[in-house]
Amino acid sequence: MQENALSLPGPPPTLAVDTAFAALLQPGAPLRRLADGCGWAEGPVWLAASKSLLWSDVTGNRELRWSEAGGVEVFRAPSNFANGHALDAQARLVTCEHGTRSVVRTEPDGRRTVLADRFEGRRLNSPNDVVVARDGSVWFTDPSYGIEFENEGYPGEREYGGCHVFRLDAPGQDLQVVSTAFVQPNGLALSLDERVLYVVDTGATHVPGGPRSITALALDDRRRAGPLLWTHTMDAGSPDGIALDEDGRLWAGAGDGVHCLSPQGRLLGKLLLSERAANLCFGGPDGRTLFITATTSLYALDLAVRGATG
Ligand code: MG
C-alpha cells in the first residue's frame, strides 16, 4: 500500500462516442492513483466532513480511507467483508456486509445498528450495494456472491431463494421487495427526481450469456419496479457500481475503465483504465472529482461536471 498519491503521466486515454463527452472532462487533468495493493476495491463513498474517501477492499476484508492530508489508512479491519457504502441525511455511514449478510449503520459514536438482515424471517444473501433516498429509505441489492465465493465472505445458502432488490422505509420495518427481476443485482442508483431506479445485473457470472447490463425501471406509486425504460449491455466486460452526475448521466465501472451514459442509456464516452473498474463515486471539495475503485487501486480524476447531490 502506497502512503502517498502515485503520479501517473497525465490524463487517462478517453474514447468519445458522442461529441458532448469532451465537455465533461477537464483538459489535461491527470489521472491520480491514490492507493494500490487492494485485492478487490469496491464501495467508494466521499465523507465531506473529513474530506476523505472511504472504500472497501472486499477480498482483503478491510475498509480503507484516503485523504489528501493523511494519505491511506485502515478504517476497519476486519470489515465483515464490507462492500457498498452510502451516507444517510445525517452523514451516517451505511454499509453492505457480506460476512454478516446485513446492511448496517455506523452511529457517530461507532456503534453498529443492523438495519436489515432478514426477509420474511430468512437471512439475506450478501447485500452488495446501497443508496439512501431523500426520504431516508434505504435501497439495496442482495446478490449471492458473498455466500458463494469464500474470499468475499462465508459460504452459505440462499435462504429466501432469490436475489432481490429491497427497500427499507424505516429501521424496524419489514423489507419491501422492489424487484425480483434480476439474476444478480449489483450496483444501483436513483435518478435525480427519484422516479427511476437504475440497477446493474451481473448475472453473466452465473448464467452463460447472461446479463452484464444496466437497466432503468420506472418506479410505481408504491415505489416498486414498474415499466422497463431501457437496458444497456456493456460492450466491454461487466458493469458493477454506478454513480450519477448533476445532469443525471450515469458513470459506470466496466471491464476497460469507466463508461458514461446519457440518462436515456446511450454511451457517450469512456475513460480507459488499465484495470477493471468496479465502482465509483463523486466527491472532493467541489464535488467534481470522480473516485474510481478499480481492482487493486483507487484512482481520482477531476471532471468538469459535479456529482449529483441528494
Ligand atoms: Mg458491487
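Let's start at Val 258, which touches Trp 251, Ala 252, Gly 269, Lys 270, Leu 271, Leu 273, Ala 277, Leu 280, Leu 290 and Ile 292, leaving aside residues up to four places away in sequence; contact here means heavy atoms within 4.5 Å. Keep in mind that this is a predicted model, where local features need pLDDT of at least 70, side-chain atom pairs count only at pLDDT 80 or more, and totals for chains, interfaces and linings use all residues. Residues are numbered from 1 along each chain as its sequence is written, and side-chain values use heavy atoms, with hydrogens and water left out.

Val 258 also belongs to the largest nonpolar core, which has 22 residues; Trp 251, Val 258, Leu 290 and Ile 292 have the most contacts inside it. Such a core is a set of buried Ala, Val, Leu, Ile, Met, Phe, Trp, Tyr and Cys residues joined through side-chain atoms within 4.5 Å, where buried means under 20% relative accessible area (1.4 Å probe, protein chains only). At least two residues of this core come from each of strands 24 (257-261), 25 (267-272), 26 (279-283), 27 (289-294) and 28 (297-302); strands are DSSP runs (E, at least two residues), numbered from the N terminus. Strand 27 gives the largest share, 3 residues. A second, separate core of 16 residues includes Phe 119, Phe 166, Leu 168 and Val 177.

Now to the metal. Glu 42 (OE), Asn 128 (OD1), Asn 186 (OD1) and Asp 240 (OD) are the protein donors of the magnesium ion, 2.2 to 2.4 Å from it. Donors are N, O and S atoms within 2.8 Å of the metal (3.2 Å for Na, K and Ca); water is not among the atoms, so sites may look incomplete. Asn 128, in the loop between strand 13 (122-123) and strand 14 (130-132), and Asp 240, in the loop between strand 21 (225-233) and strand 22 (242-244), are 112 residues apart. Asn 128 is buried, with a relative accessible area of 4%, and Asp 240 is buried with a value of 4%.

How values were computed:
Helices (H or I, at least four residues) and strands (E, at least two) are DSSP runs, numbered from the N terminus. Buried means under 20% relative accessible area, exposed over 50%, partly exposed in between (1.4 Å probe, protein chains only).
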